[in-house]
Amino acid sequence: MNKLALITIILAVMLPVAIWSQCTDCNKSDDKVMKMEKSATTALPGYNKVVNLPDGKYFTYNFDKKPKIGTSILQVHVYDKKGRHTDDYEVYVVADMPSMKGAHASGDVKMRANKKGVLLTPVNFVMPGVWEVELKFVKDGKRLYHAAFELKI
Ligand SMILES: [Cu+2]
């Protein structure tokens, strides 16, 4: 009987400690991942401004018309060093409202090239407010460049 009581007490003390130490670890690693995500995102300079990519190519971006509630077409022009459109990258677009993280998140949407080589993606702005649009440039399965801009709808 005494032995059983002792084991119960030991378990009662050890269990919260074990849970607590596990949670501390979880929080730490989550924090790290979030910080990495943040630092990987560069703020973009604005519509039609040249943005240099790490390998010497460059791109510009804009919308087909002034974005408003509903669907707007995001256009990305990627150029090689000679100023010709290049399809060297897979470009992914993510749209979301930072103040309502995840509520209207689009997920990674792969841009598609038209006949002229311009990359296009419809972005559905379902609510007025500040939106963030991320651009991810992927080459050979590796993310080479990650940047974002905000706009007010
Ligand atoms: Cu919203």
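Me: What is the bridge partner of Ala43 in E10?
Reply: Ala148 is the bridge partner of Ala43. Strands here are DSSP runs of E with at least two residues, numbered from the N terminus. This is a predicted model: local features need pLDDT of at least 70, side-chain atom pairs count only at pLDDT 80 or more, and totals for chains, interfaces and linings use all residues. Residues are numbered from 1 along each chain as its sequence is written.

Me: Do E1 and E10 run parallel or antiparallel?
Reply: Parallel, over two bridges, with E10 covering residues 142-152. Two strands pair if DSSP finds at least two bridges between them.

Me: What is the strand order in that sheet?
Reply: E1-E10-E9-E5-E6, an open sheet with mixed pairing. Its edge strands are E1 (42-43) and E6 (109-110), each pairing on one side only.

Me: Other sheet: which strand order does the antiparallel one have?
Reply: E2-E3-E4-E8-E7, also five strands in an open sheet. E2 (51-52) and E7 (112-113) each have a single partner strand, so one side of each is left without a neighbour in the sheet.

Me: How many bridges join E4 to E8?
Reply: Seven, between residues 70-79 and residues 119-125. Val76 stands opposite Leu119 in E8.

Me: Now the core. Which residues touch the most other members of the largest nonpolar core?
Reply: Val76, Val91 and Leu135, out of 16 residues. A nonpolar core is a set of buried Ala, Val, Leu, Ile, Met, Phe, Trp, Tyr and Cys residues joined through C-beta atoms within 7 Å; buried means 20 or more other C-beta atoms within 10 Å of a residue's own, with C-beta atoms placed from the backbone.

Me: Which strand gives the most to this core?
Reply: E9, with four residues.

Definitions and conventions. A residue is buried if 20 or more other C-beta atoms lie within 10 Å of its own, exposed if 12 or fewer, and partly exposed in between; C-beta atoms are placed from the backbone.
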